[in-house]
Each structure stands twice: as structure tokens, then as C-alpha cells.
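Thanks for coming, everyone. Let me put the structure on the screen, and then we will walk through it.

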Amino acid sequence: MRLALDEAHRAVRGGDVPVGAVVLSADGTTVLATGHNEREATGDPTAHAEVVALRRAALELGEWRLTGCTLVVTLEPCTMCAGALVQSRVDRVVYGARDEKAGAAGSLWDLVRDRRLNHRPEVIEGVLADECASLLTDFFRDR
């Protein structure tokens, strides 16, 4: 999560909401890819930290299936990112702060564990939650 927080700080430098993500390999020890929000920098509405990191991890592995991988992200994924997690077949999602307004991994919705879908990653929430949440709170207070 510390690496994801480092990525979140990079997002702020780019004028974006501070969310960072890291994709770990199946053995859990190798960082395949990192990402942070890049919507402002790129003008791409889909450039959320999770999507950026998943795309980079797929390029690193040479395939879209990220079976066995773990995505670590500072904020609970939204519906778009939760869908991308299911589609990419990651095995687990670890996140810091809950997103009561748009979260789709247990708070507002629980898309990633919906039994109607063909893939349901494990979800671990609350890792360094206070630190992840305060980064977001400070960012929006300053705006």
C-alpha cells in the first residue's frame, strides 16, 4: 500500500485526484505495474489509477488475463474499475479507503463479489485506510 500511496502523490502533482494503484505478480513479491489517476493529464475519463495499472500489467505480462495477480489501490474501486478487475481476472483486490459515494467493492455496491459474474476476486479492505482517506480529504479541502 505504501507504493500505491507514492503513486497517489504523483497524481496530485499532475493535478489529479490522489489515487494510486499497484499490480503485484502471482507470487505477491514482484511489482508488475503501477498507476495513478491521469484523467486531468491525459483528458481520458477512463484513466483511473486501477485501469492505468491493469493496462500496464497486461503489457508487462503480454496478455490480458492477470490470473493470480493482486491489485492494491488507495481508494475502493468505482463501478468502472470494479468491472475492469473482474474482466482482467485478478485474484485479489486490496484497498485502503472506502468510497461511500461511488465504491463498488463493498460499500455502495459490491460488483466484484456479485455471484452472477463469472469471476469474483477476493477483497481485502481497510489497509492504511486512515492515511489513504486523509490524502483524499486534504486534496479536496485544498480545492
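Start with helix 4. Its buried residues pack against helix 3 (49-61), strand 3 (70-75) and strand 4 (92-97). Contact here means heavy atoms within 4.5 Å. Helices (H or I, at least four residues) and strands (E, at least two) are DSSP runs, numbered from the N terminus.

Some ground rules before I go on. This is a predicted model, where local features need pLDDT of at least 70 and side-chain atom pairs count only at pLDDT 80 or more, while totals for chains, interfaces and linings use all residues. Residues are numbered from 1 along each chain as its sequence is written, and side-chain values use heavy atoms, with hydrogens and water left out.

Back to helix 4, residues 79-88. Which residues are buried there? Cys81, Ala82, Leu85, Val86 and Ser88. Buried means under 20% relative accessible area, exposed over 50%, and partly exposed in between, with a 1.4 Å probe and protein chains only. Just after helix 4, Arg89 takes a positive phi of about 70°.

Now the cysteines. A disulfide is a covalent bond between the sulfur atoms of two cysteines. The cut-off used is a pair of cysteine sulfur atoms within 2.5 Å. By that rule, the count is zero disulfides. Cys78 is in no disulfide, and its nearest cysteine sulfur, that of Cys81, is 3.7 Å away. Cys78 has 16% relative accessibility, so it counts as buried.

Next, charges. In general, side chains of opposite charge can pair when their charged atoms come close. The rule for a salt bridge is a side-chain nitrogen of Lys or Arg within 4 Å of a carboxyl oxygen of Asp or Glu. That gives ten salt bridges. I will pick out a few.

Take Glu131 and Arg2. Their closest N and O atoms are 2.6 Å apart. The pair links distant parts of the chain: Glu131 sits in helix 5, Arg2 in helix 1 (residues 2-13), and they are 129 residues apart. Glu131 is partly exposed, with a relative accessible area of 36%. Arg2 is partly exposed too, at 49%.

Then Arg55 and Asp44. This salt bridge spans 3.9 Å, N to O. Arg55 is in helix 3, and Asp44 is in the loop between helix 2 (39-42) and helix 3, eleven residues apart. Arg55 is partly exposed at 44% relative accessible area. For Asp44 the value is 24%, which again makes it partly exposed.

Asp110 pairs with Arg113, with the closest N and O atoms 3.0 Å apart. Asp110 is partly exposed at 31% relative accessibility, and Arg113 is partly exposed at 35%. There is also a network: Arg98, Glu100 and Glu125 are linked by salt bridges.

On to aromatics. How many aromatic pairs does the structure hold? One. Phe139 and Phe140 form an edge-to-face pair, 5.1 Å centre to centre, with 80° between the planes. The definition: rings of Phe, Tyr and Trp (its six-membered ring) pair if their centres lie within 6.5 Å, and planes under 30 degrees apart count as stacked, over 60 as edge-to-face and the rest as tilted. Phe140 is partly exposed, at 47%.

Last stop, the surface. Ile124, Val127 and Leu128 make a nonpolar surface patch of about 180 Å². Patches are made of residues with over 30% relative accessible area and no salt bridge; like charges are joined within 9 Å, nonpolar side chains (Val, Leu, Ile, Met, Phe, Trp, Tyr) within 5 Å. Accessible areas come from the Shrake-Rupley method with a 1.4 Å probe, and for residues only the protein chains shown count as cover.

Val127 lies in the loop between strand 5 (122-125) and helix 5 (129-142). Leu128 is found in that loop too. Leu128 is partly exposed at 31% relative accessibility. Leaving out residues up to four places away in sequence, Leu128 touches Met1, Arg2 and Leu5. The C-alpha atoms of Leu128 and Met1 are separated by 7.2 Å, although the residues are 127 apart along the chain.

That is my tour. Over to you.
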